[in-house]
Amino acid sequence: EVTSFSGLRLPDPTRAPVAFGRRAVPQLFGELLQPETGTRLRALASLCDLIHDPERIQQTAHGGFLEQLKVLFKDEDSSVRTKTCELLHLLTSHSIGR
């Protein structure tokens with residue numbers, strides 16, 4: 001979150017809004033299919049934040065979402081490819097994700 005001049009908490013523009021509970025991972029992986037580069041980058045950043053939770057890793061690994069990452073490795077935007085590598089690294093560095 002970012003603080004505005006008026007002191008109100010604003011959402012972080014570099015992160016995608018996230019659904020609660022078990023709907024968060026499917027929602028974010030759905031956003032990775034969007035044509036807008038910014039949408040994909042925000043979803044990847046949010047996934048990288050969430051993936052530190054073992055439950056989210058298991059949901060990602062067993063929910064068939066890893067197949068979607070293969071497409072992102074071929075994305076025309078280098079930032080998307082880089083963030084995809086970061087996400088894959090986070091997933092595979094945990095014992096559940098291996």
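This is a predicted model: local features need pLDDT of at least 70, side-chain atom pairs count only at pLDDT 80 or more; totals for chains, interfaces and linings use all residues.
**Ground rules.** Residues are numbered from 1 along each chain as its sequence is written. Local features need pLDDT of at least 70, side-chain atom pairs count only at pLDDT 80 or more, totals for chains, interfaces and linings use all residues, and side-chain values use heavy atoms, with hydrogens and water left out.

**Overall fold.** The protein has five helices and two strands. Helices (H or I, at least four residues) and strands (E, at least two) are DSSP runs, numbered from the N terminus. From that end, the order is β-β-α-α-α-α-α. Of the 98 residues, 35% count as buried. Buried means under 20% relative accessible area, exposed means over 50%, and partly exposed lies in between (1.4 Å probe, protein chains only). Contact means heavy atoms within 4.5 Å. Among contacts between residues at least 6 apart in sequence, 54% join residues at least 24 apart.

**Helix H2.** This helix covers residues 37-50, 14 residues in total. It reaches 20 Å from its first C-alpha to its last, close to the 20 Å expected. The expected span is 1.5 Å times one less than the number of residues. Its buried residues include Thr-39, Ala-43 and Leu-50. The buried residues of H2 pack against H1 (24-31), H3 (54-62), H4 (66-72) and H5 (78-92).

**The core.** A nonpolar core is a set of buried Ala, Val, Leu, Ile, Met, Phe, Trp, Tyr and Cys residues joined through side-chain atoms within 4.5 Å. The largest one has 19 residues. Phe-29, Leu-32 and Leu-87 have the most contacts inside it. H1, H2, H4 and H5 each supply at least two residues of this core. The largest share, five residues, comes from H2. Leu-32 touches residues including Arg-40, Leu-47 and Leu-72, not counting those up to four places away in sequence.

The structure holds zero disulfides (pairs of cysteine sulfur atoms within 2.5 Å).

| Residue | Relative accessible area | Class |
|---|---|---|
| Cys-48 | 4% | buried |
| Cys-85 | 42% | partly exposed |

**The ring pair.** The whole structure has one aromatic pair. Rings of Phe, Tyr and Trp (its six-membered ring) pair if their centres lie within 6.5 Å; planes under 30 degrees apart count as stacked, over 60 as edge-to-face and the rest as tilted. The centres of Phe-29 and Phe-65 are 4.7 Å apart and their planes stand at 25 degrees, so the pair is stacked. Phe-29 lies in H1 and Phe-65 in the loop between H3 and H4, so the pair ties together parts 36 residues apart in sequence. Phe-29 and Phe-65 are both buried.
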